[in-house]
Amino acid sequence: MQDKLKQLQLPEIEITNSYEDSSDLFSYLQIIKEQERAKIAKEIQNDIGKILTEIKKELLSWDKDIGNKTNAYIEKIELIEALVDQVIGSAKRISMDLRPDVLDSGVVAAIKWQAKKFCEQANLKYRFSCDNDEILMHPDLSIAIFRMFQEILTNISSHANATRIQIRLSEKEGWVNLEITDNGMGMSDQDTKKPKSYGIRGMRERCQQLEGYLLITTKSGKWTKISISIPIKSLEKASINSS
Ligand SMILES: Nc1ncnc2c1ncn2[C@@H]1O[C@H](COP(=O)(O)OP(=O)(O)OP(=O)(O)O)[C@@H](O)[C@H]1O
Ligand SMILES: [Mg+2]
């Protein structure tokens, strides 16, 4: 009888384990992805960015030493300089897209920076509010919140047809809360279940991993509000356990 009972319990244990395994794998992959991004961003800045700046310096000093410049020469050198500047700009942009330096200044500065950059590019009006200059948390948690914020902004620009967004970041009773409201077309329950849409699913999974939650409230044709709440100390426990 005992054996029979054990057998009956086994599938449940296996299902639980497999859920925990895939959930752990998901968070492990997120960490690896962020480490790779940071590594490539640094390499672009150090290896490519620095050499390009060096090339420009050499070019300018070489140009200064040349006497009797023809118009054709001046045109060519100006073109080369402009091209080098363009590549320096691209290297910086690619590196910043991979991992913005502002992330080192904490979540408040990073969210504020991203909101301004994104809304200026997308021609959206925005309001950002946060009572704190900084909300102290594990760096991996601030990166996770930042990445979810980016996904929410991408969704707004791709799907919402909004003209205005409001961003609220706060800390209350040990929880960090991020709330983004857009004045767009709203969304339905079906939207979040589209078979090939992974953004919202990924954010839900990420919030669960961090022992928090994601909530969507919306009014058709009026607005959508995405609220993320995560305990500030969730990753601190994980790093104590793994050390
Ligand atoms: N702010 C929003 N306003 C209106 N609709 C939205 C908004 N955000 C998401 N949606 C709807 O929810 C759907 C699911 O979003 P989700 O981010 O999960 O996937 P996706 O953006 O379609 O694809 P991806 O996997 O590239 O993120 C979208 O296709 C869109 O219809
Ligand atoms: Mg999306």
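**Entry 1: Arg99**

I started with Arg99, which is found in the loop between α2 (71-98) and α3 (107-122). A note on naming: helices (H or I, at least four residues) and strands (E, at least two) are DSSP runs, numbered from the N terminus. I am working with a predicted model, in which local features need pLDDT of at least 70, side-chain atom pairs count only at pLDDT 80 or more, and totals for chains, interfaces and linings use all residues. Residues are numbered from 1 along each chain as its sequence is written, chains are lettered from A and ligands numbered from 1 in the order in which they are written, and side-chain values use heavy atoms, with hydrogens and water left out.

Is Arg99 buried or exposed? I found a relative accessible area of 19%, so Arg99 is buried. My classes are buried under 20% relative accessible area, exposed over 50% and partly exposed in between (1.4 Å probe, protein chains only). The Arg99 side chain makes a polar contact with the side chain of Asp104, at 3.2 Å. By polar contact I mean a pair of N or O atoms within 3.5 Å; within protein, one must be able to donate a hydrogen and the other to accept it, and residues adjacent in sequence count only if both atoms are side-chain atoms. Not counting residues up to four places away in sequence, I see Arg99 touching Ala38, Ala41, Asp104, Ile143 and Arg147; contact means heavy atoms within 4.5 Å.

**Entry 2: the whole chain**

Next I zoomed out. The protein has six helices and five strands, and from the N terminus on its elements run α-α-α-β-α-β-β-α-β-β-α. Of its 243 residues, 32% are buried. Among contacts with a separation of 6 or more, 68% join residues 24 or more positions apart.

**Entry 3: the sheet**

I then traced the five strands: they make an open sheet in the order β1-β2-β3-β5-β4, with mixed pairing. β1 (125-130) and β4 (213-219) stand at the edges with a single partner strand each, so one side of each is left without a neighbour in the sheet. From one strand to the next, the twist averages 10°. Axes here are lines fitted to C-alpha atoms, for helices over the stretch in contact, and angles run from 0 to 180 degrees between N-to-C directions.

I count two strands as paired if DSSP finds at least two bridges between them. β1 and β2 (residues 164-172) are parallel over six bridges, and Ser129 has Arg168 as its bridge partner in β2. α3 packs on the sheet, touching β1, β2 and β3 (175-182), and its direction makes about 175° with that of β1. On to the next pair: β2 and β3 run antiparallel, joined by eight bridges, with Leu169 opposite Leu178 in β3. These two strands form a hairpin with two residues between them, and Glu173 in the turn has a positive phi of about 45°. β3 also pairs with β5 in the antiparallel sense over eight bridges; there, Asp182 has Thr224 as its bridge partner in β5.

Which residues of β3 are on its covered face? I listed Val176, Leu178, Ile180 and Asp182 there, while Trp175, Asn177, Glu179 and Thr181 make up the uncovered face. Helix α4 (residues 139-160) lies across β2, β3 and β5 (223-231), running at about 10° to β3.

**Entry 4: the cores**

I looked for nonpolar cores, meaning sets of buried Ala, Val, Leu, Ile, Met, Phe, Trp, Tyr and Cys residues joined through side-chain atoms within 4.5 Å. The largest has 37 residues, and those with the most contacts inside it are Ile111, Ile145, Ile167, Leu169, Leu178 and Ile230. Its largest share, nine residues, comes from α4. Another core, of five residues, lies apart from it and includes Leu103, Ala110, Ile143 and Phe146.

Trp113 lies in helix α3 and counts as partly exposed at 25% relative accessibility. Leaving aside neighbours within four places in sequence, Trp113 is in contact with Met96, Pro100, Val102 and Phe146.

Last, I checked two loop residues. Asn123, in the loop between α3 and β1, has a positive phi near 55° and is exposed, with a relative accessible area of 71%. Glu211, in the loop between α5 and β4, has a positive phi near 65° and is partly exposed, at 44%.
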